[in-house]
Amino acid sequence: MLKNYLKIAFKVFLRRKFFTFISLFAISFTLVVLMVAVAFLDHIFGPNAVESRKDRTLGIYYMEMKTPDKRGMWNGSTGYRFLDRNTRNLPNVEKMSLFTEPKPIVSYLHSEKIQAYLKRTDGEFWEILTFRFLEGAPYTAEDEKNRNLVAVINDATRKKFFGNESAVGKTIEVDGQNFRVVGVVENVPYLRQVPFSDIWVPISTAKNDTYRNEMMGDFQAIYLARSENDLQAIRDEFKARLNNIEFPDPKEWNSMYGEMNTYFEALSRELVGSRDDNGSASRPGRLLAAMIIIAILFMLLPTVNLININVSRIMERAGEIGVRKAFGASSWTLVGQFIVENVLLTLIGGVLGFFLSRFVLQFITASGWFPYAEFHVNYRIFLGGLGLAVIFGLLSGVYPAWKMSRLNPVQALKGAAR
Amino acid sequence: MIQLEGVEKVYRTDRIETIALTNINLNVRAGEFISIMGPSGSGKSTLLNVIGLLDVPTGGKVALNQKPITAYTDKYLAQMRNEELGFIFQTFHLINDLSVVDNVEIPLLYRKGLSSADRRKRALEALEKVGLQSRVYHFPGQLSGGQQQRVAIARAIVGNPKILLADEPTGNLDSQMGDEIMEVLQSLNRDHQTTVVMVTHDPRQAEKTERIVRLFDGRQVS
């Protein structure tokens, strides 16, 4: 019976080429968008080689500072002073690291301009994050303390400065300063904003010390807990400490609000966080729900479209329905037949979607829009997406099939003869 | 084989009530070949549809092969149609996307316990009975009207039903092809004792059957 169903399904697909194209396009396009979105999310938030300890890492990425009358607010990355004086020695924190956001800089090599990103970090940065060194080693807390002009560069920067030669021990000019390269690491993708940069140098090598007095600035911090179970206690301690902050000029700014977050939580705070007088709070559940709702809505639209297409596609086959009923098909048998057709169409769309997703992700990777990014098809999500597509395929097939299967056989045969 | 007692069929809409059949009493014996005649709108096709369990009577009793139809549930009717009945339509109603042999196999798809090899064997035998063994892998569009009706007959008999119901089977054919189709139906009736009920407008074909039932305005007049 299945063979007969498949045979007729393929014939119908070929006969109604435009409908088939629209259906396949809707299914595969939906899957491609879903796969690209998931690949991005995975790329930004998922575990990777460098951030291998994400499960016990928290960060301070975003804070809010307010004036005494609460009318004035400064939000964004924090300052070195705030992090240095208020977040050290948190209980259950194994290690903490301060670092700046990656900043675009210009270097010159034999009067040739080289653009790159620069990040200033402390020595602990290399102990929390697990960079893979191609040569040399990281700079240390001692280098940071002694203001040593040393740098770690990534593979791409090594190629720009030295071609295929070793870089360790050589000097590069960065933003007007000369640094001795002590290590070379594998490229880290741009969207991994915590570890990402092209060149990393000690914080203390900054051209001046003004950063040391800043409550807000361009610093962030990460904290490695001893265990995953300690995360809540660390968050609570940080919250408590926010009530006892010493401000350089309390008449100007006198309160700070924020949370210790995972990167996903920090994003949820910025995008969908709840706000009150005590600043914004992260809402990761809300962000996740919003993502899921968007994904479902995104998949629902082609489903509704497919239902319409299916109704008209099946309506044309009233005669066939009449004949099958006359010769012994029950309504449910016919529903089964049309569902088989729909699922088949969905699966073909799924296979197309898979190959298109791979192509699109390879294209984005090769485009260089996101430096050092490598996007891959996430097979688990693809199967999930395909499963959802099949469910929607079923839904979009069941209603029209059920409707048509209820046709009175006499009416169905008359409809076909007309 | 077919027993109808006081069968009525009324089509009701919000405003109009149309009486299609009134008090039809009919007894068709096993192996009988009868024709139903009457002017357009007299209820011939409705009567055939009621016998064929494609339509539900408003009143009266229907029994097929000594089985009274008591429950008009979808599943039960489907099974009865599959096992007891075979249909031949004026406009053939073949599925153009399927080959001749695949069309003929359709009734067997809904019968339990048949392998695809069994189905294929029985479909080929049915096609042989109607003289179309050389056209099994053709598609309906590649056949003449007469050949298409033969395929439809093969489809109707492939499940060895006791009763064949033919709704103007020669109505779309020229007289020569119509005669050929009648010969096929007669031989099925004669050689296999299949009970045949045929609706027709054509008195020439009706005369070839054993008995003519005449309808007028939904009533049985002879």
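Predicted model: local features only at pLDDT ≥ 70, side-chain atom pairs only at ≥ 80, totals over all residues.
**View 1. Chain A as a whole, to get your bearings.** Of its 418 residues, 36% count as buried. If we take the contacts in chain A with a separation of 6 or more, 75% of them link residues 24 or more positions apart.

**View 2. Where chain A meets chain B.** Here the contact draws on 25 residues from chain A and 23 residues from chain B. On the side of chain A that touches chain B, the elements giving two or more residues are α1 (2-15), α10 (318-326), α11 (331-367) and α13 (409-417) of chain A. Helix α1(A) provides the largest share of this side, with seven residues. Sorted by class, the side of chain A that touches chain B holds twelve nonpolar, seven polar and six charged residues.

**View 3. Helix α2 of chain B and its cover.** Look for the helix spanning residues 74-84 of chain B, whose buried residues are B:L77, B:A78, B:R81, B:N82 and B:E84. In general, an α-helix has 3.6 residues a turn, so residues three or four places apart point the same way. The cover over the buried residues of α2(B) includes an element from the other chain, α10 of chain A. From chain B itself, β4 (59-64), β6 (85-88), α3 (100-109) and β7 (163-167) are also part of this cover.

**View 4. Strand β12 of chain A between two pairing partners.** Strand β12(A), residues 219-225, is mostly covered, with six of its seven residues buried. One partner is β1 (residues 57-60) of chain A, which pairs with β12(A) in the antiparallel sense over four bridges.

**View 5. An open sheet in chain B.** Six strands of chain B make up this open sheet, in the order β6-β7-β8-β3-β9-β10, and their pairing is mixed. At the edges are β6 and β10 (219-220) of chain B, each pairing on one side only. Within the sheet, β7(B) and β8 (residues 195-199) of chain B are joined in the parallel sense over five bridges. You can pick out this pairing at B:D167, whose bridge partner in β8(B) is B:V199.

Key
Residues numbered from 1 in each chain as written. Chains lettered and ligands numbered in written order. Contact = placed C-beta atoms within 7 Å. Nonpolar A, V, L, I, M, F, W, Y, C, P; charged D, E, K, R; others polar. Buried ≥ 20, exposed ≤ 12 C-beta atoms within 10 Å, placed from the backbone. Pairing = 2+ DSSP bridges.
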